[in-house]
Structures are given as C-alpha cells and as structure tokens.
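Student: I would like to learn how to read a structure, one feature at a time. Where do we start?

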Amino acid sequence: MSDTLAMLGQLALMRGDLDAAHTLLDKSKSMITVFESLSWRLNWQHQLGLVTLYSGDVSGARTLLTEGLGLVADLKPNPMAARICTYLADTSLWESRIEEAGQWLRQSLEWYADPHRTFIHDVERIFVAARLAMAKGEYLRAAELFGLAEKAHGCVHHVRLGPHQARADAALASARQALDHQKFATAFAAGKELSLDEMFTFYV
C-alpha cells in the first residue's frame, strides 16, 4: 500500500499536481513500519525531496535529498546517487548557486552514466545541464543541449515533470531570445546529432 501511494505521488508530480504529490508521498511515509523505513527512504525519499523543492521549500528539499544521497553513497556505479545529484543540481539552480550546480552535475555523471542507453533520468539531467549552461551565459551550448534533450525525450517517450517542464521551457525561450534565429536553429539541430557520451564530456 505504501509503495502504491508513493507511485501515485510520483504520477501526480509528473502531472504537475504538487499538492496531491505531497499528500500521497506523505501518506505513503506514514504507513511504513520501522522495519520498512530504510527501504522507503532508499526508493522514495528523493521523490519527496523533489516535490518539496517544486513547492518552494528549497532548504527542506536540500535536507531530504542530501540525506537520501547519504543512504546510497557507498555503492558504485550507482544510478540512484546519480539521480539524487541531478536533483541537488536543480536545487542549487533554484538558489542561483551556479558553480555548486555544476559540481553536483559532475558528481551525477561520475556516479553513473551509460552513453549507450537513454533513461528518463538522462532526459532530466540534460535539461538541468541546459539550464545550467543558460545560467552561465553559454547560449550556444544551451541550445545544443536543448536539442539533445528533445531527441532523448523522444527516445524514452515519457512525460516530463510538470514544474521541471515549466523551468526548462522558460530557459529554452531565453536561449531563443539570446541568439539570432539562424544561430539557435543551427545549434539546436547540432544538439540533436550529439550522443549522450558527447554530452557527458561537457561536464566530466
């Protein structure tokens, strides 16, 4: 029951319904026993951290995500640690901590990166990387990454997280404004030709 509620909470987050997502994840957490606590924290605490971030509680999100990272930090390669580091990079971007966001993104890639397969987390990570490039004023690189993100998004056929989508769309619009039409179109098209491995080399 707890896992089912948590999955429904994740679905609500993907729809952008933050209130429902928080309620469902909180209810999920309240149902677990002391013996199930570690399993819940390993599987779902980072999702609660993401909901907390998108609800505007950056400090609370950072605490939940950092605690979650501590639970899994002994294992390598580690897709879960990579995902949490991406969310911590997103958290740093919310606070305009640009260098810190870059460090978290590099850590994410160091924890786990498979250039031969595309997962939902890869799409999320590319959008964070594109937003980071925008924050650093690297508009051509941002346009390339947005092109790669669109290609990767099409590969996994998933619905982007609601609040995450709004921020990515705003950054994409800013990239279009920062470059003339031809430069943006060329860079965006070039990004669609990038491989994940080439994207990884931007930051590792």
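**Reading contacts, burial and fold**

Tutor: Contact means heavy atoms within 4.5 Å. This is a predicted model, in which local features need pLDDT of at least 70 and side-chain atom pairs count only at pLDDT 80 or more, while totals for chains, interfaces and linings use all residues. Residues are numbered from 1 along each chain as its sequence is written, and side-chain values use heavy atoms, with hydrogens and water left out.

Student: In which element or loop does Thr-118 lie?

Tutor: Helices (H or I, at least four residues) and strands (E, at least two) are DSSP runs, numbered from the N terminus. Thr-118 lies in the loop between helix 6 (98–111) and helix 7 (120–135).

Student: Is Thr-118 buried, partly exposed or exposed?

Tutor: Buried means under 20% relative accessible area, exposed over 50%, and partly exposed in between (1.4 Å probe, protein chains only). With 30% relative accessibility, Thr-118 is partly exposed.

Student: How does Ala-143 count, buried or exposed?

Tutor: The relative accessible area of Ala-143 is 0%, so this residue is buried. Ala-143 belongs to helix 8 (residues 139–156). Beyond its neighbours within four places in sequence, Ala-143 is in contact with Leu-179, Phe-184, Ala-187 and Phe-188. Ala-130 is 13 residues away from Ala-143 along the chain, and their C-alpha atoms are separated by 7.4 Å.

Student: Which residues touch the most other members of the largest nonpolar core?

Tutor: A nonpolar core is a set of buried Ala, Val, Leu, Ile, Met, Phe, Trp, Tyr and Cys residues joined through side-chain atoms within 4.5 Å. The largest one here has 62 residues, and Leu-69, Ile-126 and Phe-146 touch the most other members. Not counting residues up to four places away in sequence, Leu-69 touches Ala-81, Ile-84, Cys-85, Leu-88, Trp-104 and Trp-111.

Student: How many helices and strands does the protein chain have?

Tutor: The protein chain has eleven helices and zero strands. Its radius of gyration is 17 Å, close to the 17 Å that the globule rule gives for 204 residues, so the chain is as compact as a globular protein of that length. That radius is taken over C-alpha atoms, and the globule rule is 2.2 Å times the number of residues to the power 0.38.

Student: What share of the residues is buried?

Tutor: Of the 204 residues in the protein chain, 47% are buried.
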